[in-house]
Amino acid sequence: MAQLQKQAQEKTDALAARLGSLDLAAGGFAPAARKAALARLESMGLPGRRDEYWRYTDPAVFNAETASESAPLIVEKPIFTDKDKVRLVFVDGVFDAAASDKPELAGVEITLLSQAGAQDIHWASALYGTLEAAGQKPVPRPFAALNTAAATEGLLIRVTGTAPKPIHISYRQNSTTSDPILHHCIKVESGAELTLLETGITGARSNIVMEAQVEAGGKLHHIRPQGRSHGKQLLTHIFARLAENTLFKSFTLSMNGRLTRNEAVIEFTGDDAVAHVAGACVGDGAFHHDDTVFVTHDAERCESRQVFKKVLKNGAVGVFQGKILVKAGAQKTDGYQISQSLLLDDDSQFLAKPELEIYADDVICSHGSTSGAIDETALFYLQSRGVEKRVAQTLLVLAFLAEAIAEIEDETLAEEIRERMEDWLHRHERA
Amino acid sequence: MLEIKNLHVKLEEEDKVILKGVDLKIGSGEVHAIMGPNGSGKSTLSYVLSGKGGYEVTEGSAMLEGVELLDMEPEARAAAGLFLAFQYPVEIPGVGNMTFLRTAVNAQRKARGEEEISAGDFLKLVREKAKALKIDAEMMKRPVNVGFSGGEKKRNEILQMAMLEPKMCILDETDSGLDVDAMKLVSEGVNALRDAGRSFLVITHYQRLLDHIKPDVVHIMADGRIVKTGGPELALEVEQNGYADILAEVV
């Protein structure tokens with residue numbers, strides 16, 4: 001008994017310490033939602049290794065009062081050209097107006113979270129924290145609640161037609177101890193369409209939430225190459241709620257990083273919608289990458305795909321926790337989930353927990369998870385044609401990742417992602 | 001061109017000896033055929049020459065134009081001019097056939113200190129060679145050998161051979177899985193490459209391939225050795241009487 005009490009007290013103290021480092025008094029946009037989120041967080045507490053969804057990934061880094069130091073600063077050339085995009089720059093979580101395009105150019109409604117407090121943005125007040133709160137069941141996501149309670153910046157984007165250009169959120173890190181909490185709200189109205197790009201390093205330790213609501217017939221394309229930094233500690237959540245006939249596609253590329261956890265919580269509320277969540281990650285050495293996905297089918301004839309590929313070497317660790325929940329009445333659901341890892345040596349590890357929970361009787365759901373080494377037969381075949389072993393390996397690794405990259409609809413963007421990946425692989429060939 | 005002396009090979013993982021002293025000499029521009037019953041070591045010989053892992057050479061040598069092959073990585077052997085047309089061409093999902101071919105051509109050029117082929121020249125060359133083998137543009141776009149029929153896979157091997165222009169070509173049961181028309185097509189592809197500076201080693205079970213690709217010399221392999229060597233008539237003898245007579249004669 002005393003032991004339990006002690007543990008509970010430790011948890012309370014840890015949360016108090018964590019909250020103590022935040023500037024909660026500042027208030028900000030949607031004060032009621034923030035207050036409710038804080039109450040949610042206080043009742044959940046911070047996660048520990050005993051929590052089911054934190055067994056494979058140690059949350060200590062995110063629980064810590066402050067960010068541990070991370071030297072960012074791998075200077076990367078931009079992955080996407082700036083042509084025909086509206087660029088909005090955040091440096092260590094702070095909006096940099098001088099480096100950004102004028103938001104008006106996007107032809108959509110864009111407001112900074114930090115400036116929204118004084119304005120009455122109806123749709124955003126209704127959305128902020130709503131999907132996050134709904135996404136807390138059945139799996140608690142304390143850091144998302146923390147984000148809603150304490151976010152200092154973010155974008156509120158509303159699209160009513162086809163956005164003329166992709167919106168490119170470009171993150172940069174200058175400080176080695178920055179600890180940004182960003183919260184974006186995206187509303188795609190009926191029949192509207194938006195392509196949203198997120199690139200770069202958000203900070204030393206970052207907590208990023210995106211809530212996306214897509215109304216009937218709307219489309220949202222999301223492509224997110226997360227910048228390279230060996231020390232980065234990154235936690236992201238996407239909460240998407242999809243009405244009928246919608247399309248949501250999200251692709252994430254991760255290279256390097258001490259600890260990255262990308263959570264996606266997708267909910268189908270309207271019939272005939274499509275959601276694809278994909279990720280490709282390559283890790284070398286001190287690298288822990290976790291994809292945690294929860295898809296809820298609560299409508300008929302919806303299609304969900306989860307495609308996650310990880311290439312791991314020199315002791316890198318990959319985690320996949322993916323769930324498809326098909327509620328009663330969600331007939332003709334088509335759910336697909338694949339998580340695969342390519343382990344380039346014996347030191348690397350892949351931990352996968354695929355889950356299906358189905359309460360409807362007329363559905364197709366499949367999942368697969370594999371771990372394997374490079375196919376020696378294919379390697380020899382390539383070598384026998386004169387291709388150097390290391391180059392042949394790179395070709396095979398790219399081939400392994402191809403299924404995830406294929407989830408990007410725009411061919412130019414897909415090619416840019418592929419090239420970035422290839423560059424990384426060539427650099428790591430000798431290691 | 002190729003000179004194999006007293007080649008002994010065992011499996012790396014177990015103590016199974018497969019080649020027990022192979023001697024073979026192929027002159028420039030010659031076509032040699034190796035025939036032999038299942039398990040005689042024919043395919044092993046082709047794998048060992050091209051550098052596949054899993055085998056241990058315990059004795060002997062294999063020289064290509066005076067250079068020891070057995071010390072080289074597989075890619076170096078390819079760059080030196082060796083080519084193996086696989087009995088079972090490997091499927092590589094995710095790698096486009098065209099990308100694969102161009103990577104291979106340029107890798108060999110690079111290894112030989114030559115300039116990379118330009119995209120335009122490469123495309124022109126591929127189209128020309130592919131046409132002769134009745135390989136259409138669609139096949140070039142697909143991933144390497146994925147979804148190819150048996151015949152398409154073998155034609156794809158010959159296309160690679162035509163593009164890479166090796167000096168020493170080993171064809172490992174290229175006729176297996178081919179219908180009569182496909183065998184003709186593949187043979188024509190091979191015959192078009194016959195040249196005074198290029199030699200072939202054709203491994204086959206059946207004489208019929210040798211009707212199309214006429215060999216200068218025929219070897220019979222059994223139990224890890226070459227047990228008999230002769231002219232094209234030796235293949236006919238095998239076709240008529242099987243291996244039993246020849247093997248009995250040798251023993």
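**Exercise 1. Which residues in H3(B) are buried?**

Solution. This is a predicted model in which local features need pLDDT of at least 70 and side-chain atom pairs count only at pLDDT 80 or more, while totals for chains, interfaces and linings use all residues. Residues are numbered from 1 along each chain as its sequence is written, chains are lettered from A and ligands numbered from 1 in the order in which they are written, and side-chain values use heavy atoms, with hydrogens and water left out.

Step 1: the helix covers residues 97-111 of chain B, helices being DSSP runs (H or I, at least four residues) numbered from the N terminus. Step 2: taking buried to mean under 20% relative accessible area (1.4 Å probe, protein chains only), the buried residues in H3(B) are B:Asn97, B:Phe100, B:Leu101, B:Ala104, B:Val105, B:Asn106, B:Ala107 and B:Gln108. Step 3: just after H3(B), B:Gly113 takes a positive phi of about 75°.

**Exercise 2. Determine how H8(A) and H9(A) are oriented to each other.**

Solution. Step 1: H8(A) (residues 376-384) and H9(A) (residues 389-405) pack at an angle of about 130°, with their axes 9 Å apart. Step 2: the two helices H8(A) and H9(A) are therefore oblique to each other. Step 3: the contact is made by A:Ala378, A:Leu379, A:Leu382 and A:Gln383 of H8(A) together with A:Lys389, A:Ala392, A:Gln393, A:Leu395 and A:Leu396 of H9(A). Step 4: these residues comprise 6 nonpolar, 2 polar and 1 charged.

**Exercise 3. Locate A:Arg141 and decide whether this residue is buried or exposed.**

Solution. Step 1: A:Arg141 lies in the loop between helix H6 (130-134) and helix H7 (142-150) of chain A. Step 2: because its relative accessibility is 3%, A:Arg141 counts as buried. Step 3: not counting residues up to four places away in sequence, A:Arg141 touches residues including A:Met44, A:His237, A:Glu263 and A:Phe294.

Technical notes
Axes fitted to C-alpha atoms, helices over the stretch in contact; angles between N-to-C directions. Parallel < 35°, antiparallel > 145°, perpendicular 65-115°, else oblique. Contact = heavy atoms within 4.5 Å. Nonpolar A, V, L, I, M, F, W, Y, C, P; charged D, E, K, R; others polar. Buried < 20%, exposed > 50% of the residue type's maximum accessible area, 1.4 Å probe, protein only. Expected span 1.5 Å × (residues − 1).
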